[in-house]
Amino acid sequence: MKKQFQKLLCTTALAALCAGTGYACTNFLITKGASKDGSTMISYAADSHVLYGELYYMPAADYPEGAMVDIYEWDTGRKLGQIKQAAHTYSVVGNMNEYQLSIAETTFGGREELVDTTAVIDYGSLIYLTLQRARTAREAIKVMDELVRAYGYASGGESFSICDPDEVWIMEMVGKGKRITGKDGKPDPKRNAKGAVWVAYRIPDGYISGHANQARITKIKPADGKTSITNKDLAKKYNLATLECIYSSDVVDYAKAVGLYDGKFADFSFSDTYCPLTFSGMRGCEARVWAGFMKANPAEAAPYEDYARGENPSRRMPLWIKPDRKLTLEDMFDFMRDHYEGTSMDMTKDLGAGPFACPYRWRPMGFEVDGKNYIHERATSTQQTGFSFVAQCRNWLPRQIGGILWFGVDDTYSTCYVPMYCGITEIPLCFRVGNGDMVTYSPTSAFWLFNQVANFAYGRYKDMIVDIRKVQSFLETSFQQEVAQNDTKMKDETDAASLVAFANRFSNAQASRMFDSWKKLSEYLLVKYIDGNVKKTNANGNFITTPYGQDRMEMPDQPPYPEFWYRKIVEDCGENIKEVK
């Protein structure tokens, strides 16, 4: 893997959410039976204050026998070691490969003592190595297990979303850094194999799931109804293609051996053992999943609001729910665009939103007043997102255009998701690695352009976001319409080279169109809202000028603050600013 891809993704310990020192991501998972068009989808927001939004690309390649690949830790850039390179690797665009296999993640950290400091494979490397080596979700789980067993797992606890055009899986993994000791108190050399403990569930068709930095898998369903299954059992006793739950052979035994669990297999809970719930785990993490579930099926999700608020840990939210309708791509975008609107945690309603309902809070997320601790909400949409995507996999089309990574940079609420076909070999300039970075501005970078617009909007959010979302909606709707036309036009194409060329032309053209539109939007917002005024516009959004010349504008509107804000000002310093008669 080239060093340009050693980017910091998102890691967090649950306790760090309120302290504001960690990062956090959000994933939703949609099965084909739950989607309106029969596609599978997973989403991802890479939320880090130091992550630059760009679209990674790794071309397919062949390697000679004995070739090695350097592994660098994604969080630090530190070299962890080398592993054997595969004879052939598949091309990867972002987090989707040429076979539409897609993998995303959120980090739950878990127990610090389980991090293996001697291991070579961290979670970021595990994702991209697997995308280069696997074609299906089930094969991906097998590859991930083989990699960590061979080289060890170097990260904290991780939840993975894994999907192909037919199936969607959630996989949770924890390292084996704590060594098993014998009766003499010394490490047992026969029982301290490298690897990780993990469990993976196939999301039932017709259902959806989600995860957001809290381990969510509890009970494990054994294949034979009685006990754990070993890797040999998987190969010999069971048909891997039919299993709905797959797990490492020692997922329970390891917990017992290191003193984390002493009960029966049937009573074992992965989450409660390896990542116990905390207030932060519910309010800062599970609440984001709950918000998505509320949009998919409010009747089923509503009873879990007290759990999401961190008030009732005994009312554990289910791993998956059945939506009350077939979900569309727009629904998935909407899941990723949430500030808890309409709930008791609505971030647009409290004083922290300011006079113009800005649903963002600057760090730290936790604070103390008069000896009491308080938190700001942590919603799915957040200002520090580097990039996000919705991976859409469609099994009825040629694979080069069947898979689409709907890719966006910066905050999910104000980004624009652009269709990047999984068959592309040319990354658009605005998303290209090396076009700017976190400390280097680039006028041709989408990341910097979207940040310009979003950061300007924070000052008068409730007004500016209306203009932003008009352009966003127009572009995303037109993108989907053009994709539908492409489906009809190219569905019977069998020539791989023609499909790749078409994918490159289309995806690059849409990225350029988006960039140009957003540049015009940034200029429009500056002109319309400069100095706290709001210039008058007609129904088409054009500025209204006077009859005396197009360069002369009418007096702009100067809308007052909301009444509640004036009252807060008076409460704070009313006597000082009170008019004297």
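Because the model is predicted, local features are reported only at pLDDT of at least 70 and side-chain atom pairs only at pLDDT 80 or more, whereas totals for chains, interfaces and linings use all residues. Residues are numbered from 1 along each chain as its sequence is written, and side-chain values rest on heavy atoms, with hydrogens and water left out. The model holds 31 aromatic pairs and 32 salt bridges.

**Aromatic pairs and clusters**

- Rings of Phe, Tyr and Trp (its six-membered ring) are taken as a pair if their centres lie within 6.5 Å, and planes under 30 degrees apart count as stacked, over 60 as edge-to-face and the rest as tilted; by this rule the count is 31 aromatic pairs.
- One of these is the stacked pair of Phe 333 and Tyr 417, with 4.8 Å from centre to centre and 25 degrees between the planes.
- This pair links distant parts of the chain, 84 residues apart, with Phe 333 in helix H10 (residues 329-336) and Tyr 417 in the loop between strand S20 (403-409) and strand S21 (418-421); helices (H or I, at least four residues) and strands (E, at least two) are DSSP runs, numbered from the N terminus.
- Phe 333 is buried at a relative accessible area of 2%, and Tyr 417 is buried at 0%, where buried means under 20% relative accessible area, exposed over 50% and partly exposed in between (1.4 Å probe, protein chains only).
- Phe 450 and Trp 518 also form a stacked pair, because their ring centres are 4.5 Å apart and their planes lie at 15 degrees.
- Since Phe 450 belongs to helix H12 (residues 446-457) and Trp 518 to helix H14 (residues 496-529), the pair ties together parts that are 68 residues apart in sequence.
- Phe 450 counts as buried at 3% relative accessibility, as does Trp 518 at 0%.
- Ring pairs also join Tyr 44, Tyr 56, Trp 74, Tyr 128, Phe 387, Phe 389, Phe 407 and Phe 431 into a cluster.

**Charges over rings**

- A charge is said to sit over a ring if NZ of Lys or CZ of Arg is within 6 Å of the ring centre and within 35 degrees of the ring normal.
- The charged end of Lys 322 sits over the ring of Tyr 207, at 5.2 Å from its centre, and that of Arg 469 sits over the ring of Tyr 413, at 4.3 Å from its centre.

**Salt bridges**

- Side chains of opposite charge can pair when their charged atoms come close.
- The 32 salt bridges are defined by a side-chain nitrogen of Lys or Arg within 4 Å of a carboxyl oxygen of Asp or Glu.
- Arg 202 and Glu 244 form one of them, with the closest N and O atoms 3.2 Å apart.
- Arg 202 is buried at 18% relative accessibility, whereas Glu 244 is partly exposed at 32%.
- Asp 331 and Arg 325 form another salt bridge, with the closest N and O atoms 3.2 Å apart; Asp 331 is buried at 14%, while Arg 325 is partly exposed at 34%.

- Strand S12 (residues 168-175) is largely enclosed by the rest of the structure, because eight of its eight residues are buried.
- Both of its faces are covered, with Val 168, Ile 170, Glu 172 and Val 174 buried on one side and Trp 169, Met 171, Met 173 and Gly 175 buried on the other.
- Two strands pair if DSSP finds at least two bridges between them; six bridges join strand S11 (residues 157-163) to S12 in the antiparallel sense, and Cys 163 stands opposite Val 168.
- S11 and S12 form a hairpin with four residues between them.
- Seven bridges join S12 to S13, also antiparallel, and Tyr 201 in S13 is the bridge partner of Ile 170.

**Hairpin of S17 and S18**

- Strand S17 (residues 366-369) and strand S18 (residues 372-375) pair in the antiparallel sense over four bridges, and Gly 366 has Ile 375 as its bridge partner in S18.
- The two strands form a hairpin with two residues between them, and Asp 370 in the turn has a positive phi of about 50 degrees.
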